[in-house]
Amino acid sequence: MRRKLLLGNWKMNKTPSQAIEFAKASKDLGKLARSNKVDMGVCVPYIDLVPVKKIIKNSLIVGAENCHYEDHGAFTGEVSIPMLKEIGINWVIIGHSERRTYDGETSEKCNKKILALLKNGMVPVYCCGESLETYNEGKTKEFVKEQIIAGFKDVAYEDASKVVIAYEPIWAIGTGKNASEEIAEDICKFIRTTIKSLYDVKVANKVRILYGGSVKPASVKGYLSQKDVDGALVGGASLEVESYKELLTSYID
Ligand code: PGA
């Protein structure tokens, strides 16, 4: 049985003092999620990680939004996995479409990060998803399949199910134009089948696949009741404790 997962992605939002405010107000959120057997967390800007983790501790998952694949070295402006590990961060979003679009992040680069995170016993949340153009051309599946194959290159059998996959159609991110439940299920199921062909049915049944893109309280339950959708990667609705809590309660009620 795959446990449901709600993961927030703050993107480039919240100064440390705003992040602290969220963390302080989030105590009940963690409790509520745990008592309903939902894994829940937020991935936050690097500078917010220390203060947020200090307050939230293990009540919610606290993750980063990116990392470098090398342990240390001449990579100005980057943050390494050992740096994250030392402050108790174990989850990292990899290959978000905004990083792919604005920072030239390729699936090959994502693969290096995924391998490095797994080597360190950490959880990569690997994002995939197509542009509106690819969607309109009817090429979503071949596009996403390529991202999955490249991202999982050399990932060992015993590590594969530790990766969380997030399917986020780019045309649905921050646009309020979410994909239908049917589309989300169709592509998440297709991703699971791809994982099955790369590994086996055991890995495919274990790996968690999230949907992301304009998930709101009104739509969360519809997505999470799909057979192959194990949770959501949530941008806008995770920014305030109230709206994030509403998302959780809309799912569990
Ligand atoms: P959104 O963002 O929920 O604001 O659409 C989702 C994401 O980019 O992870």
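## Stop one: a positive patch

Start with helix α2, residues 27-35: this helix gives the positive patch its largest share, three residues. (Helices are DSSP runs of H or I, at least four residues, and strands are runs of E, at least two, numbered from the N terminus.) Before going on, note that this is a predicted model: local features need pLDDT of at least 70 and side-chain atom pairs count only at pLDDT 80 or more, while totals for chains, interfaces and linings use all residues. Residues are numbered from 1 along each chain as its sequence is written, and side-chain values use heavy atoms, with hydrogens and water left out.

Now select the whole patch: Lys 24, Lys 27, Lys 31, Arg 34 and Lys 57. A patch here takes residues with over 30% relative accessible area and no salt bridge, with like charges joined within 9 Å. Lys and Arg count as positive, and His and the chain ends are not counted. Each charge is placed at NZ of Lys or CZ of Arg. Areas come from the Shrake-Rupley method with a 1.4 Å probe.

Click on Lys 31, in helix α2. Is Lys 31 buried or exposed? Exposed, with a relative accessible area of 55%; the cut-offs are under 20% for buried, over 50% for exposed, and partly exposed in between.

## Stop two: salt bridges

Next, select Asp 39 and Arg 208, whose side chains meet in a salt bridge at 2.9 Å, N to O. Asp 39 sits in strand β2 (residues 38-44) and Arg 208 in strand β7 (residues 208-212), so the pair ties together parts 169 residues apart in sequence. Both Asp 39 and Arg 208 are buried. The rule asks for a side-chain nitrogen of Lys or Arg within 4 Å of a carboxyl oxygen of Asp or Glu, and the count comes to 14 salt bridges.

Move on to Arg 99 and Asp 103, a salt bridge with its closest N and O atoms 3.8 Å apart. Arg 99 is partly exposed at 22% relative accessibility, and Asp 103 is partly exposed too, at 43%.

Then pick Glu 137 and Lys 139, a salt bridge at 4.0 Å between the closest N and O atoms.

## Stop three: zoom out

Show the chain as a cartoon: 13 helices and eight strands. Its C-alpha trace spans about 50 × 45 × 35 Å along the principal axes. Colour by accessibility, and buried residues make up 54% of the 253.

Terms used. Patches are made of residues with over 30% relative accessible area and no salt bridge: like charges are joined within 9 Å, nonpolar side chains (Val, Leu, Ile, Met, Phe, Trp, Tyr) within 5 Å. Buried means under 20% relative accessible area, exposed over 50%, partly exposed in between (1.4 Å probe, protein chains only).
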